[in-house]
Amino acid sequence: MAAASNKARTSQLRSRSHAFCKAFLANKPPGDMLDTFFTRSPRITEHGPAWAASRLPFLGQTFTGRRSTQDYSGNSKGSTCDDYFELLASTLSFHPNEKTFPSESEHVVDAEAGGSGVVSVVGHAKFASVATGKSWEEDFIYRLSGFDEEGKIGHWEIWADPLSAWEAVGG
């Protein structure tokens, strides 16, 4: 990749990742976020131990595609990116603030990694169990990759604190 195009791609990915993070602060509906920021075949993976899935059903699997008519993944209900957001929202609430995500310049971008670029973002927010109301604050990491030519996200990976979530959800 030529230096000028690498610089342009870095700028594009940094700008798109920052806009994606800001959408959380604006409380954008998940469907709108998927439509706006993701490719037609998105993937979402929230990493965590398989044993935690009984309380945290969004952990440890990759959700693919969309439930909409534009879904080309062939997925059935339960494993789409739309389902990820529904499972997450039925289990945890997210309470971001203006300092949840770093400034755009602090999004770490490698425009060549993985062939289409990778962006890493560290965030900090309060989360709460929908069932118990117990809350905690934590740092988490977003890894965005699989970008298309427009800078839309192909794969969103999340690393967070599943033990705090497990304890808060109880059961």
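1. Charge first. Lys and Arg count as positive and Asp and Glu as negative; His and the chain ends are not counted. Each charge is placed at NZ of Lys, CZ of Arg, CG of Asp or CD of Glu. On that basis the chain carries 17 positive and 21 negative side chains. The centres of the two sets lie 3 Å apart.

2. Basis. This is a predicted model: local features need pLDDT of at least 70, side-chain atom pairs count only at pLDDT 80 or more, and totals for chains, interfaces and linings use all residues. Residues are numbered from 1 along each chain as its sequence is written, and side-chain values use heavy atoms, with hydrogens and water left out.

3. Fold. The chain has 4 helices and 7 strands (DSSP runs numbered from the N terminus: helices H or I, at least four residues; strands E, at least two). Their order along the sequence is α-α-β-β-α-β-β-β-β-β-α. The radius of gyration is 16 Å, close to the 16 Å of the globule rule for 171 residues, so the chain is as compact as a globular protein of that length (C-alpha atoms; the rule is 2.2 Å times the number of residues to the power 0.38).

4. Burial. Of the 171 residues, 41% are buried (under 20% relative accessible area, 1.4 Å probe, protein chains only).

5. Helix α4. This helix covers residues 162-169. Ala165, Trp166, Ala168 and Val169 are buried there. Their cover includes α3 (81-91), β3 (92-95), β5 (118-129) and β6 (135-145), by contact (heavy atoms within 4.5 Å). Glycine 170 follows α4, with a positive phi near 65°.

How values were computed:
Buried < 20%, exposed > 50% of the residue type's maximum accessible area, 1.4 Å probe, protein only.
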